[in-house]
Amino acid sequence: MKKKLMVRNITHLAIQLGIKVIAEGVETKEEYLTCKDIGCHLAQGYLIQKPTKNTQKIYQQYTNIIDIIKFDRRISDKNILLKNNIDKIQPLKLKTKMNLVIEYFKKNQSVPIVPLVNSQNEPVGILLESDIKEFLYSPYGMSLLLNEQNNSKLENLLHPCGHADINSNTTTLIELFANNPESSGIIITKNSGYYGFLSAKAIINMMHQENMIQARDQNPLTKLPGNTMIEKYIYKVSQSSASYLLCYFDLDNFKAFNDVHGFRNGDRIIQLFADIMRKELPKDVFKAHIGGDDFFVAWENKDFTHNSFDMKMIENILEKFASSAKEFYNKKDKENGYIISKNRKEQTCRFPLLTASASLLITPEKKSCISEESINTILSCQKKVAKNEPKHLAVSSLI
């Protein structure tokens, strides 16, 4: 994460200065997507093509990269927000004559900013209407503008402006904008060519819309991501070449506790488990609330096996929850080690004090015919097995 943050900041600084960034040594799909997410303009490496001196062997089209981009678009719909907020402002060529620039602003009086592009339609910066007006309203300003021999050519009036690809995520766009306090917006490109302009107002609107989407998908009790984000994450896992650890948590005897001690205490138990997850798991672990007393966490398995650290994190959550949950019982319940309530068949039974069970699934590095449904089915079936294990933890691995 520290390396990614450092590279991201360097890349964004280069973009603000109008410098193109080439990511070299890209060898895996994950590296390519990371560079794309950060905002690099171009990529080079074995994933794209191995070096060759024979120009006849250079690919005309990189089908594997096209497939990766298509997959990346399927698992993320955030660029819909971007497309809905883009202004399709007609750009000006850098070599445009000043009399045509003045004519442009006369015809487009509501446009305060105009993107500037080179002969290849690549963005080079922006032109502010206010800069042109300074000349128009000053003595001899019009003459200075129209004099091709002076220093008032269009290229001398441009302002640097950050630009990002049409498929960039909202985080990248916001960081680019925030890194330059004087920025009027961001130029949006498609296949390195100019596509549109994202104004400061549009970026703020996107931030608001994204916050609304996140709030809508969050579980109202725990504020953790809900089922929509879980489905997207599992789909990403099913398509990725990386190995992942997926864990499904279920609170044991929760219904009985809820019936005896009330819904308010039941909500407190749910919040307790969510808080323990947040404290025990690193920030980069995906944490979510399926609903009720079911939770889901997942993270990339960089060691390609479940090591003692991964196992210990899960065990710590189970142990701390079982210990902390006891405080919600009265003295008699603690002494007995159980409570009396009715089961789903309306039969009076003894129920042990609250614990949690976890089913941990390890996906292989290279998957074949693994669907979202199969991952969900395995995790659900394993949950029942976990309840009967001594540590309430069941581990399995896909082949």
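1. Let's start with C349: at 25% relative accessibility, this cysteine counts as partly exposed. Here buried means under 20% relative accessible area, exposed means over 50%, and partly exposed lies in between (1.4 Å probe, protein chains only). Please keep in mind that this is a predicted model, where local features need pLDDT of at least 70, side-chain atom pairs count only at pLDDT 80 or more, and totals for chains, interfaces and linings use all residues. Residues are numbered from 1 along each chain as its sequence is written, and side-chain values use heavy atoms, with hydrogens and water left out.

2. On to C35, which counts as buried because its relative accessibility is 18%. The closest cysteine sulfur to that of C35 belongs to C40, and at 4.6 Å it is too far for a bond. A disulfide is a pair of cysteine sulfur atoms within 2.5 Å, and the structure has zero of them.

3. Helices (H or I, at least four residues) are DSSP runs, numbered from the N terminus. Just after α2 comes G39, with a positive phi of about 115°.

4. Finally, have a look at V7 in helix α1 (residues 2-16). V7 counts as partly exposed, at 36% relative accessibility. Together with M6 and I10, V7 makes a nonpolar surface patch of about 280 Å². Such patches are made of residues with over 30% relative accessible area and no salt bridge, with nonpolar side chains (Val, Leu, Ile, Met, Phe, Trp, Tyr) joined within 5 Å and like charges within 9 Å. A salt bridge is a side-chain nitrogen of Lys or Arg within 4 Å of a carboxyl oxygen of Asp or Glu.

Methods
Helices (H or I, at least four residues) and strands (E, at least two) are DSSP runs, numbered from the N terminus. Accessible areas come from the Shrake-Rupley method with a 1.4 Å probe; for residues, only the protein chains shown count as cover.
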